[in-house]
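Hi,

Here is the structure I promised to pass on. Have a look at it first, and then read my notes below.

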Amino acid sequence: MSQAPRAQRAAEWLIEAACRRLADDERADRCREWVAELPAILEDQSIRPSFLRALRALTFCVGLSRTTRQLRGRGRAGSRSSQRPAGTAQPPASEVAVRALAGGVVWLVVTSGVVALLRTHPHPAGWAIALALALAIAFDTFCVLDVSHAGQVRYLPKWAWVLVCLLQTPGGGIAYLSIGHVSRPRPVPPGAAKP
Amino acid sequence: MKLTGPLERVFRVLIDDPAAPHYGYDLMKAARLASGTLYPMLARLQQEGLVDSQWEAQRPDASGRPPRKYYRLTAEGQRVARLELARANAPAPVRRAGNSRTRLAPESPR
């Protein structure tokens with residue numbers, strides 16, 4: 001069974017990566033605790049066959065990554081003000097629906113516009129294709145830059161939004177801008193009570 | 001404190017034998033929880049002083065296994081867990097206030 005040591009190493013690497021988020025005083029302790037749990041998972045005879053144990057160890061690590069993200073968030077919330085910045089809160093479902101609908105309309109207008117452009121200039125149409133391509137590249141670049149500069153995004157992790165933007169032009173980018181994009185928090189004067 | 005389903009399961013496992021130490025994976029299996037749910041919960045309970053943890057003593061017959069961290073309810077934790085579980089087990093109180101006519105109909109089976 002050469003699977004277990006390899007899985008153990010991969011899981012240890014993932015745990016170390018997850019623990020890097022933590023503060024110095026907590027990092028070594030957590031890392032040691034979780035690495036010590038790995039043998040119990042990789043030798044858990046109630047999980048068969050053995051590759052499922054390796055999978056279990058990996059999902060364990062994914063959960064730890066979530067844990068360290070939460071622990072870090074909690075530490076920050078404790079050290080700074082307890083108020084979360086505006087824009088973090090999930091918007092109500094109705095607002096998301098309206099934004100998604102607006103995104104869909106934009107997508108429809110853009111795609112039908114491009115299709116119409118290419119239809120009306122069918123023959124060599126080099127410039128029409130070049131224009132559509134240039135617009136697509138500019139839009140993708142804009143979206144990826146927006147994701148990477150954003151303090152935070154909604155629903156998906158940043159890398160997933162980048163992937164979505166690049167894989168589906170322009171639908172992915174429009175989806176990001178309509179529902180994933182978080183508008184910049186308006187500065188709230190300290191001490192001001194929220195309604 | 002709000003007794004959620006996962007928290008209730010963790011309390012049940014821990015209160016079953018309050019003296020028994022549990023390590024994380026053991027608790028995950030017993031309470032059927034994912035690591036991403038269990039560990040933040042344990043950290044919170046520890047912060048509130050309901051759970052404490054200690055490192056397993058390094059045994060002399062070192063089998064190569066690194067020492068684990070064990071979790072246990074504190075005295076306060078046992079008190080709170082018993083209280084919360086008892087409250088969860090108790091039937092929901094019947095509300096008598098308000099219009100009595102609406103209460104005359106038998107409760108429809110869920």
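**What I found**

Let's begin with Arg12(B), which is partly exposed, with a relative accessible area of 36%. Keep in mind throughout that this is a predicted model. Arg12(B) pairs up with Glu8(B) in a salt bridge, 2.6 Å from N to O. You'll find both residues in helix 1 of chain B (residues 5-16), four residues apart, which is about one turn of the helix. Glu8(B) has a relative accessibility of 22%, so it counts as partly exposed too.

In helix 2 of chain A, Arg27(A) and Asp24(A) sit three residues apart, about one turn of the helix. They form a salt bridge, with the closest N and O atoms 2.9 Å apart. Asp24(A) is exposed, at 61% relative accessible area, whereas Arg27(A) is partly exposed, at 29%.

Now follow helix 2 of chain A along to Arg30(A) and Glu33(A), which are three residues apart and so separated by about one helical turn. Their side chains meet in a salt bridge of 3.1 Å, N to O, and both residues are buried. Glu33(A) also reaches across to the other chain: it forms a salt bridge with Lys69(B), where the closest N and O atoms are 3.7 Å apart.

**Where the chains meet**

How many residues are in contact between chain A and chain B? There are 23 from chain A and 20 from chain B. Together the two chains bury about 1,800 Å², 52% of it on carbon and sulfur atoms. Glu33(A) turns up again here: with Glu37(A) and Arg74(A), it supplies 26% of the area that chain A buries against chain B, more than any other three residues.

On chain A, the elements that give two or more residues to the side touching chain B are helix 2 (24-42) and helix 3 (50-79). That side divides into nine nonpolar, five polar and nine charged residues.

**One more residue to look at**

Is His22(B) buried or exposed? Its relative accessibility is 11%, so it counts as buried. His22(B) belongs to strand 1 of chain B (residues 22-23), and its side chain makes a polar contact of 3.0 Å with that of Asp26(B). Further along the sequence, His22(B) touches residues including Lys69(B), Tyr70(B) and Tyr71(B).

Cheers

Methods:
Residues are numbered from 1 along each chain as its sequence is written. Chains are lettered from A and ligands numbered from 1 in the order in which they are written. This is a predicted model: local features need pLDDT of at least 70, side-chain atom pairs count only at pLDDT 80 or more; totals for chains, interfaces and linings use all residues. Side-chain values use heavy atoms; hydrogens and water are left out. Contact means heavy atoms within 4.5 Å. Buried area is the accessible area (1.4 Å probe) that two parts lose on being put together, summed over both. A salt bridge is a side-chain nitrogen of Lys or Arg within 4 Å of a carboxyl oxygen of Asp or Glu. Ala, Val, Leu, Ile, Met, Phe, Trp, Tyr, Cys and Pro count as nonpolar, Asp, Glu, Lys and Arg as charged, and the others, Gly among them, as polar. Buried means under 20% relative accessible area, exposed over 50%, partly exposed in between (1.4 Å probe, protein chains only). A polar contact is a pair of N or O atoms within 3.5 Å; within protein, one must be able to donate a hydrogen and the other to accept it, and residues adjacent in sequence count only if both atoms are side-chain atoms. Lists of a residue's contacts leave out its neighbours within four places in sequence.
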